[in-house]
Amino acid sequence: MDTAQATLCDTFQHHFLCCRRIGSLPWKELEQLLLLQPSFVLAILEKTINHPLARKHPSSLQYRRFFLSELIKKHECTGAEPLDDLYCALAEVLNSEDTTVCYKSYCLPSGDAVTLSENIAIISEGTTGLVTWGAALFLAEWAVENIDIFKNRTILELGSGIGLTGLVICKSCFPKKYTFSDYHHKVLQQLKENIQLNGFVLGKDHSNLAKCVKETDSAKNDSAVLLSVIELDWETATEEQLSHLEADVVIATDVVYDPEIVLSFSNVLKKLFQSTKVGKSLEVFVASTIRNSETYILFHTTLDEAGLRWQVLPEHKKRIFAYDTSCPVEILKLTLKI
């Protein structure tokens with residue numbers, strides 16, 4: 001397999017494992033290659049449908065069906081003899097039972113991956129927190145390029161959802177401690193399942209604090225990160241409660257999409273700054289997809305009124321994950337006005 005073929009295989013693999021929109025895959029490039037080498041379709045099949053992660057943690061039944069139908073169509077257009085492997089894969093999918101939960105896997109530069117169990121519906125159980133949003137991927141990419149901000153630090157994530165950003169940081173940026181937080185009980189349940197899914201072992205739950213240590217080989221045990229999952233209500237959280245978290249860095253992604261949330265979010269950020277112990281600094285980063293400019297401006301205004309200074313950070317240089325970039329995403333660094 002030459003470099004171009006390997007690159008195409010990797011692109012299909014990354015897009016397929018995270019269930020990127022079928023139409024966004026590089027089908028034209030594949031068509032051109034298949035005209036010269038029809039059997040190359042089997043290499044794509046192995047990198048996608050038959051990939052070990054996809055076999056163990058499959059994407060939605062509909063997604064796999066659409067993908068295989070398109071793959072078979074491209075192969076049939078070459079006029080080559082039908083390949084049993086393609087039709088056997090399709091038959092297996094057609095005979096599978098549908099579920100409301102699917103898996104998405106995101107490949108990391110290290111060769112590792114983060115796998116998430118997600119709900120197929122965007123809004124489920126009365127919350128949007130059971131799926132991964134673009135700003136979470138954007139901030140995760142930025143974190144991988146800015147490891148020093150997170151390395152050996154104590155991180156608090158507000159509105160963690162099902163855990164994508166935090167799991168990428170824990171696997172790539174070597175924090176000392178990472179606290180995931182959310183409020184919706186279904187989201188917290190799904191979050192804990194995803195933490196376990198990615199090789200972390202949850203301990204006993206004490207007052208909504210679940211400690212877990214990454215399973216590593218003996219050579220890496222010294223650098224294992226301590227993870228916690230807590231239920232955190234922004235409306236009722238006190239400065240004293242927040243101070244016990246002892247966070248060095250606070251992050252949040254896609255949490256200001258609703259004007260009704262903006263005020264409580266800004267208030268909890270201010271409490272976090274005010275609860276930071278004397279002599280200790282706090283860094284806060286908020287990533288937002290700008291879907292509605294009025295809501296985003298309201299967020300800026302509310303931060304100003306809360307006494308919080310904000311600045312837009314430069315975009316990171318390298319894309320790691322495949323996701324929709326039609327809406328801009330910004331990362332704000334927040335500080336307390338003196």
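How much of helix H7 is covered, and how many of its twelve residues are buried? That is where I would like to start, after a word on the model.

What we have is a predicted model, in which local features need pLDDT of at least 70 and side-chain atom pairs count only at pLDDT 80 or more, while totals for chains, interfaces and linings use all residues. Residues are numbered from 1 along each chain as its sequence is written, and side-chain values use heavy atoms, with hydrogens and water left out.

Now, the overall picture. The protein has 13 helices and eleven strands, where helices (H or I, at least four residues) and strands (E, at least two) are DSSP runs, numbered from the N terminus. Of its 338 residues, 51% count as buried, and by buried I mean under 20% relative accessible area, with exposed being over 50% and partly exposed in between, for a 1.4 Å probe and protein chains only. Among the contacts with a separation of 6 or more, 68% are between residues 24 or more positions apart, a contact being heavy atoms within 4.5 Å.

Back to helix H7, then, which runs over residues 134–145 and spans 17 Å from its first C-alpha to its last, close to the 16 Å expected; that expected span is 1.5 Å times one less than the number of residues. To come to the opening question, H7 is mostly covered, with ten of its twelve residues buried. Those buried residues include Leu137, Phe138, Leu139, Glu141 and Trp142. The elements that cover them include strands E1 (101–107), E8 (249–253), E9 (283–289) and E11 (329–336), together with helices H8 (147–150) and H9 (164–172).

Let me turn to two single residues. Thr48 sits in the loop between helix H3 (41–47) and helix H4 (52–56), and it counts as buried because its relative accessibility is 0%. The side chain of Thr48 reaches the backbone oxygen of Ile44 at 2.6 Å, which falls under the polar contact definition: a pair of N or O atoms within 3.5 Å, where within protein one must be able to donate a hydrogen and the other to accept it, and where residues adjacent in sequence count only if both atoms are side-chain atoms. Beyond its neighbours within four places in sequence, Thr48 is in contact with Phe12, Gln13, Phe16, Ala54 and Phe67.

Val93, in helix H6 (residues 84–94), is buried as well, at a relative accessible area of 4%. Setting aside neighbours within four places in sequence, Val93 is in contact with Leu61, Arg64, Arg65 and Leu68.

Finally, the cavities. The whole structure holds three of 30 Å³ or more, where a cavity is a set of points, on a 1 Å grid over the protein atoms alone, at which a 1.4 Å probe fits but cannot get out, and lining residues have an atom within 4 Å of a point. Grid points are joined across faces, edges and corners, and a volume is the space filled by probe spheres set on the points.

The largest cavity, at about 80 Å³, has helix H11 (239–243) and helix H12 (259–275) each supplying at least two residues of its lining. The second largest cavity has a volume of about 50 Å³, and strand E1 gives the largest share of its lining, three residues. Residues lining this second cavity include His14, Cys18, Tyr106 and Phe321.

Notes
1 Å grid on protein atoms, 1.4 Å probe; cavity = no way out; pocket = protein on both sides within 12 Å on 5 of 7 lines; lining within 4 Å.
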